Amino acid sequence: MSAYLEAESYAKEHEDNTLKGLIEHCVGDLYLAQLMNEEAISRYKKAALYFKESGNYKNEIISFDKLGMSYFVNNQLDSSFFYYDKSLHLATVHKDSSEFVFILQNIGSAFSTSGNTIQARDYFKKSIGYATTNGQKAKLYFNIAYSFNKENNRDSTLSYLNKSLSLIQAEDEFSLKYGIYQLRSNIEENTGNYKEALIYHKEYTKELNKVIKKKNNQAILDVQKKYNFELVQNENNRLLI
């Protein structure tokens, strides 16, 4: 944080709005990772203004998307949808399809949280059309499965869980694997298939242990936090410097 604040002081002495925007955005990411949502929101708003002034529309799109995410985490869904819509509109104007997958997925997550599973699935499915990697598609299929599970639709849930699992290839997709196996175990347990539930629970435990080992035996709560906020992580790579 101190390095960003020092850079911020330097940027104020120069008229480089892109640099100012990057600093504000990165500080916003640090605040969001610590669940300091109001501070994150303030930073992302400043970043969006700087990017607009510099004509850097892509970074402006990402800042609006992060504002939507911040309000979403803050349980302010109306504000979340407002900024997601701004992000999606700007991406549409500039025909930036590479950002659609992130924005549409985040809108779907917001609808899912608000209990609107049908609209959530619509956005997840739209997002799949812009996904460029199997990892992205696997996460979206998992989200669709999760929405069907909320409706107690066992067959559709299992169908999309299998689609998700079939696309996972990278060894770093442990957190998604343990989410899939955990949900599958819960489904089997709730339907009285205790033998199957135990099998999937063992797979869940195995994948969870991999996550813990990879993260140098961090506390389980830290691992769960990583899983819940996976959309937040590594987003800086989308910014244009």
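## Helix α9 and its length

The expected span of a helix is 1.5 Å times one less than its number of residues. Helix α9 has 14 residues, so it should span 20 Å. In this predicted model, the end C-alpha atoms of α9 are 20 Å apart, which agrees. The helix covers residues 154-167.

Which residues of α9 are buried? They are Thr157, Leu158, Tyr160, Leu161, Ser164 and Leu167. Thr157 has a relative accessible area of 0%. Buried means under 20%, so Thr157 qualifies. Setting aside neighbours within four places in sequence, Thr157 is in contact with Ala145, Phe148, Asn149, Leu183 and Ile187.

## The chain as a whole

How many helices and strands does the protein chain have? There are 12 helices and zero strands. Along the sequence the pattern reads α-α-α-α-α-α-α-α-α-α-α-α.

The protein chain has 241 residues, and 47% of them count as buried. Take the contacts in the chain with a separation of 6 or more: 56% of them come from residues 24 or more positions apart.

## α8 against α9

Helix α8 runs over residues 134-150. Its axis and that of α9 come within 8 Å. They cross at roughly 165 degrees. Angles over 145 degrees count as roughly antiparallel, so α8 and α9 are roughly antiparallel to each other. Their crossing is left-handed.

On the α8 side, the meeting residues are Asn134, Lys137, Ala138, Tyr141, Phe142, Ile144, Ala145, Phe148 and Asn149. On the α9 side they are Ser156, Thr157, Tyr160, Leu161, Lys163, Ser164 and Leu167. An α-helix has 3.6 residues a turn, so residues three or four places apart point the same way.

## α4 against α5

Helix α4 covers residues 57-73, and helix α5 covers residues 77-93. They pack at an angle of about 165 degrees, with their axes 7 Å apart. That makes α4 roughly antiparallel to α5. This crossing is left-handed.

Which residues make the contact? From α4 come Tyr57, Glu60, Ile61, Phe64, Asp65, Leu67, Gly68, Met69, Tyr71 and Phe72. From α5 come Leu77, Ser79, Ser80, Tyr83, Tyr84, Lys86, Ser87, Leu90 and Ala91.

## Ile41 in α3

Ile41 is found in helix α3, residues 37-54. Is Ile41 buried or exposed? Ile41 is buried, with a relative accessible area of 3%.

Neighbours within four places in sequence aside, Ile41 is in contact with Leu67, Ser70 and Tyr71. Ile41 and Gly68 are 27 residues apart along the chain, and their C-alpha atoms are separated by 9.0 Å.

Helix α6 covers residues 97-113. Its 17 residues should span 24 Å at 1.5 Å a residue. The end C-alpha atoms of α6 are 25 Å apart, which agrees. Of those 17 residues, 13 are buried, so α6 is largely enclosed by the rest of the structure.

Glu99 lies in α6. Glu99 is buried, with a relative accessible area of 2%. What does the side chain of Glu99 make a polar contact with? Its partner is the side chain of Lys58, at 3.1 Å. Just after α6, Gly115 takes a positive phi of about 90 degrees.

Notes. Residues are numbered from 1 along each chain as its sequence is written. This is a predicted model: local features need pLDDT of at least 70, side-chain atom pairs count only at pLDDT 80 or more; totals for chains, interfaces and linings use all residues. Side-chain values use heavy atoms; hydrogens and water are left out. Helices (H or I, at least four residues) and strands (E, at least two) are DSSP runs, numbered from the N terminus. Buried means under 20% relative accessible area, exposed over 50%, partly exposed in between (1.4 Å probe, protein chains only). A polar contact is a pair of N or O atoms within 3.5 Å; within protein, one must be able to donate a hydrogen and the other to accept it, and residues adjacent in sequence count only if both atoms are side-chain atoms. Axes are lines fitted to C-alpha atoms, for helices over the stretch in contact, and angles run from 0 to 180 degrees between N-to-C directions. Angles under 35 degrees count as roughly parallel, over 145 as roughly antiparallel, 65 to 115 as roughly perpendicular and the rest as oblique. A crossing is left-handed if the near helix is turned anticlockwise from the far one by less than a right angle, and right-handed if clockwise. Contact means heavy atoms within 4.5 Å.
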